Amino acid sequence: MAAAPHRMLFLVGATNVLAAMIWWAGWLVATRWQLLELPRPPLPAGWMHAIIMQYQVLPSFMFGFMLTVFPRWLDLPPLTPRHYLPVGVGLLGGQLLTLAGLAGGVLLLRAGALFTLCGWAIGMWLLARMVLRAQGLPWHALSCLFGLVFGLVGLVSYGLLTLRLDAQLAFVAIKFGAIPMLLPIYFTVCHRMIPFFTSMVVPGYRMLRPTWILAAAWALLIAHLALEIRHGYAWLWIPDSTLALLFGGLLAAWWPRAHMPALLRVLFLGFAWLPVAFVLYSFQSSWYAATGSFILGRAPAHALFIGFFGSLLVAMVTRVTQGHSGRPLVLGAVATTAFAIVQLVAVTRIVAEVVPDALAWQAAAALGWLLAFLPWVLRSGWIYLTPRADGRPG
């Protein structure tokens, strides 16, 4: 596991993709049908679900990716195990302690928050040090690092929440994890990597990566965050509709006019959820401005989390795993199945907000997530724990 940064951190993330959702699916089933009795967590279950997914599941993959690619982006030597293993230990320890704390131990939740915070801070320090050593202005690296700063604020808020039950702290932790942290980092990676990957396999493809789009996206996302923090929901349609147009236009500009392999196609299909999510956010805000009702509930957020984040998790991590393990750059049956089921899970979770018996639909979506990821996690975990197929180091 210490042979490359992505091995341990991807394994931590893959493990938690299942472990965190086993708990959440069990909680939803127990709440809806009372088929089993689970211990009540020290903090509200909905809060913990959002926090675990935002600060422990997805960031493990993000740190694994960034600690691998930052040296390449910035033309610096690769990191060694003494650099990235503490990050993995912190995030793994945080994950295990948090999951144990869900059984009712607030002290374990506090310890889990502390471990996660330590791993996060070490990872940020390593990435910031590389950015400071880089030549010129590495916009993609700076954008990712800026997103992690927002995540650090949210993670500290969660740590304080384990000390004092405060809805405002929970609000900051949950809101800072999505729009200003996960989304800009995901988008920045897409902005850099999707045109690059496409140019590698589509002859004559022209890479389009204007820096101004990164700046515009950041400005609009900060506007969205500011309105949410001030509860200005009736005005969110202004930045959100602009973001929908920006992301939709970029998707159209990137889309190749030639055949593309499945491993590339799923990147585009996953990215397509981003403008869809902001169309839903815009509609939600417009309807609220007109009627005072949140007609879509959390549907826009789950179009973003399951549709965009979940789809690109399968697509991007599969590509990195295949390439960095010396295997052919193909999607494969396991990842294809996972990706297809994630699309159904996203639609199911969105529909759950507008149909009767919403809790049953939410439970079905959570169980579908487990069905999608179990074979993918088992295959990926085996790859992370075995040497490269081509015999090379790493």
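**Pockets, cavities and surface features of the predicted model**

The lining of the largest cavity is made of 15 nonpolar residues, with no polar and no charged ones. For this count, Ala, Val, Leu, Ile, Met, Phe, Trp, Tyr, Cys and Pro are nonpolar, Asp, Glu, Lys and Arg are charged, and the others, Gly among them, are polar. This is a predicted model, in which local features need pLDDT of at least 70 and side-chain atom pairs count only at pLDDT 80 or more, while totals for chains, interfaces and linings use all residues. Residues are numbered from 1 along each chain as its sequence is written, and side-chain values use heavy atoms, with hydrogens and water left out.

The largest cavity has a volume of about 200 Å³. Among the 15 residues lining the largest cavity, M62, F65, Y186, V189 and M316 are the closest to its centre. Helix 2, helix 6 and helix 10 are the elements that give two or more residues to this lining. In total, the structure holds three cavities of 30 Å³ or more. On a 1 Å grid over the protein atoms alone, a cavity is a set of points where a 1.4 Å probe fits but cannot get out; a pocket is an open set with protein on both sides within 12 Å along at least five of seven lines; and lining residues have an atom within 4 Å of a point. Grid points are joined across faces, edges and corners, and a volume is the space filled by probe spheres set on the points. Helices (H or I, at least four residues) are DSSP runs, numbered from the N terminus.

Turning to the pockets, the largest pocket holds about 1100 Å³ of space. It is lined by 40 residues, of which I174, R298, A301, H302 and F305 are the closest to the centre. Two or more lining residues come from each of helix 1 (5-33), helix 2 (45-73), helix 6, helix 9 (262-291), helix 10 (299-324) and helix 12 (358-384). By class, this lining has 26 nonpolar, 10 polar and four charged residues.

The second largest pocket has a volume of about 820 Å³. T68, V69, R72, H324 and R388 are the closest to its centre of the 33 residues that line this pocket. Helix 2 gives the largest share of the lining, eight residues. The lining of the second largest pocket divides into 21 nonpolar, six polar and six charged residues.

Most residues other than glycine have a negative phi. Q34, which is not a glycine, has a positive phi of about 55°, and Q34 sits in the loop between helix 1 and helix 2. D75 also is not a glycine and has a positive phi of about 55°; D75 is found in the loop between helix 2 and helix 3. Q34 is exposed, at 58% relative accessible area, and D75 is exposed, at 72%. Here, buried means under 20% relative accessible area, exposed over 50%, and partly exposed in between (1.4 Å probe, protein chains only).

By contrast, L221 in helix 7 (residues 211-229) is buried, with a relative accessible area of 2%. The C-alpha atoms of L221 and L183 are separated by 8.8 Å, although these residues are 38 residues apart along the chain. V201, in helix 6 (residues 167-201), is partly exposed at 41% relative accessibility.
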